[in-house]
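Here is a friendly walk through the packing inside one protein model. Have the structure open beside you as you read.

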Amino acid sequence: MSYSAPPLAEPSSEVIARLVALVGEQHAFTNPSDQAPYLTEWRNRYHGKTPVVLRPGTTEEVSEILKIANQEHIGVVAQGGNTGLVGGQIPREAHADIVLSVQRLNRLRRLDKDDRHMIIEAGATLSAAHDYAHEANLQFPLRLASEGSASIGGSIATNAGGVHVLAHGSMRALTLGVEAVLANGDVWDGLRTLKKDNTGYNLKDLMAGSEGTLGIVTAAALKLVPLPAGVATAMIGAETLADIGEIFAALSAAAGSNLIAFEFMSARAFDFVVQHMPESRAPFAKSYPWTVLIDVASCQSEDVARETLEQCLADRSVSPRLRDSALAATQTQAQDLWRLRDGVSEAQKYEGGSIKHDISIPIGRIAKFIAAADAIVAKVCPGARPCPFGHFGDGNIHYNVSQPEGADTAQFLERWNEIQDAVHALVTEFDGSISAEHGIGIMKRDALKRAKSDVELNMMRAIKTALDPNGILNPGKLL
């Protein structure tokens, strides 16, 4: 079964006028300078154009926009905080897709402390959700580097992950229900907050990870968890990924669900941060082949969390595999350690072009995968510098490749597809995924055909055809 969307039309001036009237002139952008922030992403890799950017303020306005777009066969690209990394939120450059920004849908509708959930609109940022939860002495545990801009709706659409997936799961696991507008304008009120609801298909999971191709999420019911009484943070140095694997296994057994973060960085990634990020401070006198950042939480106190982490690191199954360790004594020291991890993506920019891979590999095979990937990159592009880092605890590797020293950046980035195809082929050999948390978008649309079986792709196409028969929702993405 192939998927071929029906041809889409360019909206007439009359249709644009109707759409503008729906949201109000102050919330509709037709001027190129006003549209510019919505037409490219922060890597500047994808660019689009649009006849109008619409910023509806209610679910009803979203519904009316989609009714018109569906009747007129006009493409609609939903956009949240525009922090996506695979181009899924950018309109096509050679077409006339409307951009529908959910930024104004940013209200907290309800927070229930007893039932531990909040209902919040799609345009609210993750930071806002964190603040609302903290005011109730609870926590919304999804943490991203872009949380000040990333929206709730976009995080659901891409099934965002982040640094605490190890303990709490990705956005799909944290989403209890959604309100979404379908392609024909129907509003689906799925804002249920039950922990158990076994009444047929789990429709909200269709929206999580659908990248705006099946409906536009306008609000979500999110799971909240108790705020930990304390968190202990440590950074350790290790010689091999095999050692790191053993340390992770021991800490997981000892700390259980209190092990909430286990992040790793290669020496190159670590050194880039220390060299280029002025506020970073290395805790060790030397760098090690691999560095790990660990968070252990406690519902009792920070002292208990620190004692648990100290005992884990002193265990005889762990201590021989450590080359160095630094345990944060204060919150400021913990922030300094996390700054080293959070600065990796930014620091790479100072080393020229970077070809990025957001992949996942079975944890027990990470060491062999990285060794094999390094060898492949060296063969395909001699001198290129692999810079792997990421979320070891859930197998999510950001296997980024920096350009050879002194190379021409533009020429190196022209080899993006060649290098990415080679790495993705290896990912498939290792039974991994070519997208762990960023989605498919434009960047990986063709790669998806090689990563998924025909049966899987046909199932996805059938769902798309059923929910969006005119193909208006985020055309040209994912499938």
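A search of the whole structure finds nine aromatic pairs, where rings of Phe, Tyr and Trp (its six-membered ring) pair if their centres lie within 6.5 Å. This is a predicted model, so local features need pLDDT of at least 70 and side-chain atom pairs count only at pLDDT 80 or more, while totals for chains, interfaces and linings use all residues. Residues are numbered from 1 along each chain as its sequence is written, and side-chain values use heavy atoms, with hydrogens and water left out.

One of these pairs joins phenylalanine 264 and tryptophan 290, with centres 5.9 Å apart and 35 degrees between the planes, a tilted arrangement; planes under 30 degrees apart would count as stacked and over 60 as edge-to-face. The pair links distant parts of the chain, 26 residues apart: phenylalanine 264 belongs to strand β13 and tryptophan 290 to strand β14. Strands (E, at least two residues) and helices (H or I, at least four) are DSSP runs, numbered from the N terminus. Both phenylalanine 264 and tryptophan 290 are buried, meaning under 20% relative accessible area with a 1.4 Å probe, protein chains only. Ring pairs also tie Phe248, Phe262, Phe264, Trp290 and Phe392 into a cluster.

Now for the nonpolar cores, which are sets of buried Ala, Val, Leu, Ile, Met, Phe, Trp, Tyr and Cys residues joined through side-chain atoms within 4.5 Å. The largest has 53 residues, and Ile152 and Phe140 are among those with the most contacts inside it. A second, separate core of 51 residues includes Ala234, Phe248, Trp290 and Tyr399.

Next comes the sheet. Five strands form an open sheet in the order β5-β6-β10-β8-β9, with antiparallel pairing; strands pair if DSSP finds at least two bridges between them. At the edges are β5 and β9, each pairing on one side only. The twist averages 15 degrees from one strand to the next. Strands β8 and β10 pair over six bridges, and valine 178 stands opposite alanine 220 in β10.

Two helices pack on this sheet, touching strands through contacts (heavy atoms within 4.5 Å). Angles run from 0 to 180 degrees between N-to-C directions, with axes fitted to C-alpha atoms, for helices over the stretch in contact.

| Helix | Strands touched | Angle |
|---|---|---|
| α3 (residues 59-72) | β5, β8, β9 and β10 | about 50 degrees with β8 |
| α4 (residues 126-135) | β5 and β6 (117-121) | about 145 degrees with β6 |

Definitions and conventions
Buried means under 20% relative accessible area, exposed over 50%, partly exposed in between (1.4 Å probe, protein chains only).
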